[in-house]
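The entries below keep to the order in which I worked.

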Amino acid sequence: MLPLKLRILLLTAIFLSTIGTLFADDSKIPKQEFGLEEGLLPEDISTYPELKTWAIYQSYELEPDGPHLGLQDSICRMVPESGLRFLLEKPSNTKTTVYLYLDVTKYRPLKGSKFKPRKLQILVNGKPKRSILTERYHGFQNPVEIPLEPSEYPDGKIYVELLPSQNSVGRFWGIWDAFVVENRLDEKE
């Protein structure tokens with residue numbers, strides 16, 4: 001068995017090479033490649049099998065990584081309790097609304113599980129754009145869609161910040177993929 005740090009390094013390398021290959025032909029879609037960050041902890045990256053196993057022990061069912069735009073790789077960047085901030089870039093020559101999509105980890109409680117409500121605040125360039133809530137009988141639709149006007153990213157930089165609610169102890173939230181497109185997904189897919 002490989003040491004945990006080496007396993008995380010290999011998973012990250014596979015994740016980055018897969019993403020790079022997927023987008024070699026389509027440079028119009030800014031995508032988030034969660035690279036090797038300084039001080040990356042083993043619990044910062046998880047795979048679908050790892051999260052599914054954790055979910056089973058919690059009596060939850062995990063929704064898999066979505067297949068949107070061919071990004072499905074089943075590798076997730078977990079959101080620490082303190083939040084996660086990352087950058088997407090979009091050429092600022094766009095004169096119409098663009099759409100930020102976030103494919104977020106989503107769990108459904110199974111019968112008999114203890115499932116407390118949790119909220120994730122989404123900020124774009126420092127401004128609150130949306131909150132998603134997951135409760136026993138209420139959830140959200142993946143991928144989460146956030147329309148952005150050109151004035152909201154004048155220099156082409158889109159800083160996304162994910163802030164879990166205070167009761168989200170541990171790394172409950174994660175993000176499979178993040179991307180920006182000029183047309184809504186339902187029009188494109």
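**Entry 1: the chain as a whole**

I noted at the outset that this is a predicted model. I then looked up the secondary structure and found three helices and eleven strands in the protein chain. Reading from the N terminus, I wrote the order down as α-β-α-β-β-β-β-β-β-β-β-β-β-α. I checked burial next, and of the 189 residues in the protein chain, 43% are buried. For the contacts between residues at least 6 apart in sequence, I found that 78% join residues at least 24 apart.

I turned to strand 5, which covers residues 98–104, and asked how many of its residues are buried. The count came to seven of seven, so that by the cut-off of under 20% relative accessible area the strand is mostly covered. I recalled that in a regular strand the side chains alternate between the two faces of the sheet. I therefore listed the two sides separately, with the same cut-off for burial in mind: Val 98, Leu 100, Leu 102 and Val 104 lie on one side, Tyr 99, Tyr 101 and Asp 103 lie on the other, and all of them are buried.

Which strands pair with strand 5? One is strand 9, residues 144–148, which pairs with strand 5 in the antiparallel sense over five bridges. Another is strand 11, residues 174–181, which also runs antiparallel to strand 5 and is joined to it by six bridges. I used Tyr 99 to follow both pairings: its bridge partner in strand 9 is Pro 147, and in strand 11 it stands opposite Val 181.

I looked at Thr 97, which lies in the loop between strand 4 (84–89) and strand 5. Its side chain makes a polar contact of 2.8 Å with the side chain of Glu 149. Beyond its neighbours within four places in sequence, Thr 97 is in contact with Pro 147, Leu 148, Glu 149, Pro 150 and Glu 182. I marked Pro 147 in that list, as Pro 147 is also the bridge partner of Tyr 99 in strand 9.

**Entry 2: Arg 85 in strand 4**

I went back to strand 4 for Arg 85, which has its place there. Is Arg 85 buried or exposed? It counts as exposed, because its relative accessibility is 53% and the cut-off is over 50%. Setting aside residues up to four places away in sequence, I found that Arg 85 touches Tyr 159, Val 160 and Glu 161.

**Entry 3: the largest pocket**

I recorded a volume of about 220 Å³ for the largest pocket. Its lining has 13 residues, of which Leu 51, Trp 54, Met 78, Arg 171 and Phe 172 are the closest to its centre. Helix 2, residues 48–58, gives the most to this lining, with three residues. By type, I sorted the lining into six nonpolar, two polar and five charged residues.

**Entry 4: loops and backbone angles**

I kept in mind that most residues other than glycine have a negative phi, and that most peptide bonds are trans. Where does the chain hold a cis peptide bond? I found one joining Asn 142 and Pro 143, with omega about -10°, and Pro 143 sits in the loop between strand 8 (127–134) and strand 9.

I then listed two residues with positive phi. Ser 59, which is not a glycine, has a phi of about 65°; its place is in the loop between helix 2 and strand 2 (60–62), and at 28% relative accessibility it counts as partly exposed. Asn 125, again a residue other than glycine, has a positive phi near 50°; it is in the loop between strand 7 (118–124) and strand 8, and it counts as partly exposed at 27% relative accessibility.

From Asn 125 I moved to Tyr 153, which is 28 residues away in sequence and 7.5 Å away in space, C-alpha to C-alpha. Tyr 153 lies in the loop between strand 9 and strand 10 (157–164), and with a relative accessible area of 1% it is buried.

Key. Residues are numbered from 1 along each chain as its sequence is written. This is a predicted model: local features need pLDDT of at least 70, side-chain atom pairs count only at pLDDT 80 or more; totals for chains, interfaces and linings use all residues. Side-chain values use heavy atoms; hydrogens and water are left out. Helices (H or I, at least four residues) and strands (E, at least two) are DSSP runs, numbered from the N terminus. A polar contact is a pair of N or O atoms within 3.5 Å; within protein, one must be able to donate a hydrogen and the other to accept it, and residues adjacent in sequence count only if both atoms are side-chain atoms. Contact means heavy atoms within 4.5 Å. Buried means under 20% relative accessible area, exposed over 50%, partly exposed in between (1.4 Å probe, protein chains only). Two strands pair if DSSP finds at least two bridges between them. On a 1 Å grid over the protein atoms alone, a cavity is a set of points where a 1.4 Å probe fits but cannot get out, and a pocket is an open set with protein on both sides within 12 Å along at least five of seven lines; lining residues have an atom within 4 Å of a point. Grid points are joined across faces, edges and corners, and a volume is the space filled by probe spheres set on the points. Ala, Val, Leu, Ile, Met, Phe, Trp, Tyr, Cys and Pro count as nonpolar, Asp, Glu, Lys and Arg as charged, and the others, Gly among them, as polar.
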